[in-house]
Amino acid sequence: MERFLRIDRRIIFAIITVAVIVSLVLRFELPIPASEPAQAIYEKIESLPKGSHVMIAFDYDPASKEELQPMAVAFLHHCFSRDLKVIGMTHYPGAPGLAEQAITSVANQYQKKYGDDYAFFGYKPGSASLIINMGENLYSAFPKDYYGNDTTTLPVLQGVDSLREINYLFDLAAGTTIETWIAFGKEKYKFELGAGCTAVMGPDMYPFLQSKQLTGLLGGLKGAAEYEALVNKKANAVSGMRPQSVVHVIIIIFVIFGNVIYFISKRAVHA
Amino acid sequence: MRKDSGFFILVGAMGLFVSINIFLMTSGKLPFSFDGFGIILGAGLTLAIYSFLYKDNAAFKIVENLYVGVSLGYTIIITWFNFLKPDLYDPLIIPMFSKAATKSPQYALIIPSLLGLFMLLRFSRRLSWLSRWTFAFVVGLGAGVSIPRVISAFILEQIKPSLHPVFSGGETIFSSINTLLIMLGVISVLIYFIFSVEHKGAIGKVSKIGIWFLMISFGASFGYTVMGRLSLLIGRIQFLLKDWLGILQ
């Protein structure tokens with residue numbers, strides 16, 4: 001029994017890797033019902049009239065790309081299919097490349113034009129002070145967009161002077177930016193806020209749902225898959241749910257197996 | 001295992017990687033272009049990072065250091081083009097020194113620029129005292145801006161749903177049970193963290209309930225963490241199977 005407790009961890013890594021590859025290659029359908037917080041974001045976007053302004057904060061970098069990029073793409077599909085005006089920005093220096101890729105690829109699918117239907121401000125440091133600045137005057141916070149255009153000349157921003165005029169703000173967060181948006185943005189400038197976050201941060205965000213400081217929440221790859229299913233644009237997140245479910249079952253078996261072996265070996269020592 | 005066996009495994013793995021890429025390029029599965037080479041580079045870097053799971057090796061160390069260097073270089077460039085150039089260089093430096101500039105310089109920007117430069121003077125023994133001015137400004141402004149907002153957003157707004165009536169009419173039995181559970185959780189965990197009273201009798205029993213609530217929350221956090229880490233692995237394997245090897249459609 002002792003040798004089971006000293007099993008080489010590389011064997012476990014190999015089992016997990018094989019399980020992921022096999023469940024990705026073998027195609028089988030698993031139901032992906034939308035959770036209440038994901039449904040709330042979907043319904044909020046559905047309720048916005050055409051031409052409403054949605055701001056997306058791409059607050060993540062390549063380290064969290066696998067969870068948050070599918071979320072961003074699915075959310076952009078929903079916004080552009082509803083003819084909403086999209087404004088992108090980020091607090092992360094590593095995000096502009098990913099954000100630009102997501103926005104332009106989805107916008108092109110709906111024949112949306114830069115400047116008229118969407119804009120991307122790029123990165124700016126400052127965190128809380130940047131949000132306060134955006135809340136007071138969006139053009140002084142971002143005098144130029146990511147491509148060097150004067151933001152005052154962008155038609156997409158017509159009717160928007162500050163965060164107060166933003167109809168919905170969606171933060172895709174890999175760090176503490178959701179809390180920053182709540183404390184320094186939503187509470188002061190009174191806009192509707194939804195969020196998508198990495199799975200690690202998920203449990204910490206639930207209190208903000210209960211207090212209605214967040215209208216909805218997408219948590220990790222599961223949240224991304226739920227949104228892909230809701231907008232009927234099934235892609236990497238939905239196919240990632242197969243290995244996710246299979247490996248979760250394997251991990252549960254490992255946990256049970258480890259505990260059983262531990263208690264048996266403990267009993268053998270006392271006997 | 002012999003000490004030099006690691007070297008042969010590394011060379012063998014690199015040889016296999018090169019052979020696979022030659023096959024993919026010659027068979028037309030990967031385009032002979034910058035995109036194709038980008039995918040090969042991404043695949044190689046991914047495999048080098050994951051090689052650490054077998055054991056620490058030279059390929060992992062090279063890629064780890066490369067990541068740090070590239071991240072820093074990328075951050076510097078993005079910060080220059082997204083922040084320093086449009087917000088400082090263009091409105092202040094260019095109008096000051098260029099005769100062709102049409103706008104007058106924004107002299108107000110000199111003050112925050114100087115405060116920023118003072119921060120760097122910490123490296124000088126003679127002038128490091130100037131950095132205290134910047135720190136005083138940052139701490140004073142930060143505290144002034146943060147304290148009221150944090151109290152409002154994270155304490156007062158969070159207390160509100162905790163004080164929600166259990167039965168205020170129009171609610172389902174489940175939402176009332178949720179409210180009761182939240183109340184029980186908040187009270188028992190708060191009592192667990194009162195260390196000035198000995199945890200005996202009624203206090204001890206309630207604090208034990210608090211421990212259970214904490215354990216359940218740690219379990220939920222761990223479960224979500226497993227899901228998050230696994231998502232990263234799934235994403236990388238999707239990239240290897242789909243973009244690199246072309247096995248997945």
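Analyst: Of the 271 residues of chain A, 48% count as buried, a residue being buried if 20 or more other C-beta atoms, placed from the backbone, lie within 10 Å of its own. The model is predicted, so local features need pLDDT of at least 70 and side-chain atom pairs count only at pLDDT 80 or more, while totals for chains, interfaces and linings use all residues. Residues are numbered from 1 along each chain as its sequence is written, and chains are lettered from A in the order in which they are written.

Chain A has 11 helices and six strands, these being DSSP runs numbered from the N terminus (helices H or I, at least four residues; strands E, at least two). Its C-alpha atoms fill a box of roughly 80 × 35 × 30 Å along the principal axes. Among contacts in chain A between residues at least 6 apart in sequence, 74% join residues at least 24 apart, a contact meaning that the C-beta atoms, placed from the backbone, lie within 7 Å.

Turning to the part in question, the contact between the chains takes 40 residues from chain A and 39 residues from chain B. On the chain A side, the elements that give two or more residues include helix H2 (9-25), helix H4 (65-81), strand E3 (118-123) and helix H11 (236-270). By class, that side of chain A has 22 nonpolar, 11 polar and seven charged residues, where Ala, Val, Leu, Ile, Met, Phe, Trp, Tyr, Cys and Pro count as nonpolar, Asp, Glu, Lys and Arg as charged, and the others, Gly among them, as polar.

Technical notes: Contact = placed C-beta atoms within 7 Å. Buried ≥ 20, exposed ≤ 12 C-beta atoms within 10 Å, placed from the backbone.
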